Amino acid sequence: MSEYLSAEELKQHFSDIHPPFEHAEGAILEANRCINCYDAPCTKSCPTSIDVPLFIKQISSGNIKGSARTIFSSNIMGGGCSKVCPVEKLCEGACVYNLREEEPISIAKLQRYSTEKAIHEKWSLFERKPSNGKKVAVVGAGPAGLACAHALSLEGIDVTVFEKEGKGGGLMTYGVAAYKVTPESCQDEVDYITSIGGIDIQYNKELGKDVTLAGLQKEFDAVFVGIGVGVARELNIPGENLKGVVDAISFIYDLRTNDYSKITVGDKVAVIGMGMTAIDAATQSKRLGAKEVTMIYRRTEQEKPCTDVELDLAKLDGCLFEWLASPKEIIGENGKLKKLVCSKMKLGEPDSSGRRAPVDTGEIFTIEVDMIIKAAGQIPFEELVSGSALQNKGGKISINTSGETNLKGVFAGGDAVNGGKEVVDAVQAGKDGAKGILQYLKLSY
Ligand SMILES: Cc1cc2nc3c(=O)[nH]c(=O)nc-3n(C[C@H](O)[C@H](O)[C@H](O)COP(=O)(O)OP(=O)(O)OC[C@H]3O[C@@H](n4cnc5c(N)ncnc54)[C@H](O)[C@@H]3O)c2cc1C
């Protein structure tokens, strides 16, 4: 196992990956670069449709409060999103400056500039309508649940959120890489969202254990289920249960809830997968002090699920890559993890994802490892969902165009429905769920 790094080294390795503007002048200068495109491709590419040209114009004219209001009225987690959104494939990727081969406007950094100020200075930008006597239960205090709760509370509904963990924020708090958001900033964001009033978060209350869906249906006028996707996908290969084989979600959960110096990481780590979670597991292993981190992916770089920016981050952190490789067997010796045997793959015909499918060539190769992190995707809470009589596809809850499930008055959204996307998609799903609930309760929206 790896030698521990000093507290100072760990602090440096996990420091903010995208530091904010140091001075207002920097933000105003950047805001002035924006040409306020009439058709705003940045806004169109934002799942929550933030009016980007407007908030940037408000920053350039010194109206920071107005700009924060513009952002939060479309996306109440606009603060967190400014730090975690893969903007290269969203707003900044759509910026017209890219067409001129110039740096796109730093939209995320500008968004962070005004939202951080608003959260830090506790600006009260929204007023909740007086209570109308309706009560809604939200299950899960992740981005979807919190966005739904906020939108409902604004309309005068009393919202009770049931959250199985001890903190809110969902994967923002327990999943996203530690160099993007800190536990403190997640907590500040949850506090800011709930500061409008009318939202009571009941922590350590789990659906299926402490509360049931049938019970919530009886007690509340409507229910929103935003429980995310939970369990890591198994590799189903021999040796998977050996000590030293961990799943990325648990590894990152530990990292986000403990002191970095208490986290065990190997010297030679293999990470299985090439999605965002795999990149986060690999980069954070390296930052914790692993000497060698090899990422294993069964297709080529062209088919990778992560973005180029994420891959570059892993490259810059010194991770190694085995493309066209699939784990076949994990071998231990005297109770210690020793080797990962992989099959060499080649690309065949396209599969249902539209990408060429990996096909086993029959050749194998072996790498020496003392830790393996499985990041081959997450699978939904199928047992819980099916046990609650919710119609689903392999655990992904099915909803209609109003966000309602097969159960009357029960709505759902976020990762629990889409199987795992980004924070910004979950926020929009929470807003959509709130809209559906307001229509269901015959309240205006
Ligand atoms: C490792 C990792 C890194 C990621 N990095 C990024 C990133 O950098 N940028 C980005 O945009 N997205 C990222 N994502 C994706 C993003 O975090 C999710 O898409 C988003 O958090 C989904 O929001 P949600 O509210 O649907 O679910 P979640 O965030 O999962 O929230 C669900 C909430 O429900 C609670 N819950 C679950 N079951 C129950 C129950 N039975 N009873 C009560 N409460 C329950 C959970 O504790 C949680 O608080 C990452 C995901 C992972 C796994």
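How close do the axes of helix 14 and helix 15 come, and at roughly what angle do they cross? We'll start with that pair, then look at another helix pair, the domains and the ligand. Keep in mind that this is a predicted model.

## Helix 14 and helix 15

The axes of helix 14 and helix 15 (residues 308–316) come within 9 Å, and they cross at roughly 20°. Angles under 35 degrees count as roughly parallel, so helix 14 and helix 15 are roughly parallel to each other. The crossing of the two is left-handed.

Who does the touching? On the helix 14 side you'll find Met-276, Ile-279, Ala-282 and Thr-283, and on the helix 15 side Glu-310, Leu-313 and Ala-314. Sorted by class, that contact has five nonpolar residues, one polar and one charged.

## Helix 2 and helix 4

Now for helix 2 (residues 24–31) and helix 4 (residues 52–60), which pack with their axes 8 Å apart at an angle of about 130°. Helix 2 and helix 4 are therefore oblique to each other. Their crossing is left-handed.

Helix 2 brings Ala-27, Ile-28 and Ala-31 to the meeting, while helix 4 brings Ile-56, Ile-59 and Ser-60. Five residues in this contact are nonpolar and one is polar, with no charged residues.

## How the domains are laid out

The protein splits into three domains: domain 1 covers 17–120, domain 2 covers 135–230 + 380–440, and domain 3 covers 233–377.

The C-alpha centres of domain 2 and domain 3 sit 30 Å apart. Where these domains touch, six residues of domain 2 are in contact with nine residues of domain 3. The domain 2 side of that contact holds four nonpolar and two polar residues, and no charged ones.

## Around the ligand

Which domains give residues to the shell around the ligand? Domain 2 and domain 3 both do, so the ligand lies between them.

There are 40 residues around the ligand, and those that come nearest are Gly-140, Gly-142, Gly-170, Gly-228 and Gly-414. Several elements give two or more residues to the shell: helix 9 (143–154), helix 10 (171–174), helix 13 (248–257), helix 14 (276–288), helix 17 (415–418) and helix 18 (423–440). By class, the shell has 20 nonpolar, 11 polar and nine charged residues.

How values were computed:
Residues are numbered from 1 along each chain as its sequence is written. This is a predicted model: local features need pLDDT of at least 70, side-chain atom pairs count only at pLDDT 80 or more; totals for chains, interfaces and linings use all residues. Domain bounds come from an automatic or database domain assignment. Two residues are in contact if their C-beta atoms, placed from the backbone, lie within 7 Å. Ala, Val, Leu, Ile, Met, Phe, Trp, Tyr, Cys and Pro count as nonpolar, Asp, Glu, Lys and Arg as charged, and the others, Gly among them, as polar. A residue is near a molecule or strand if its C-beta atom, placed from the backbone, lies within 6 Å of it. Helices (H or I, at least four residues) and strands (E, at least two) are DSSP runs, numbered from the N terminus. Axes are lines fitted to C-alpha atoms, for helices over the stretch in contact, and angles run from 0 to 180 degrees between N-to-C directions. Angles under 35 degrees count as roughly parallel, over 145 as roughly antiparallel, 65 to 115 as roughly perpendicular and the rest as oblique. A crossing is left-handed if the near helix is turned anticlockwise from the far one by less than a right angle, and right-handed if clockwise.
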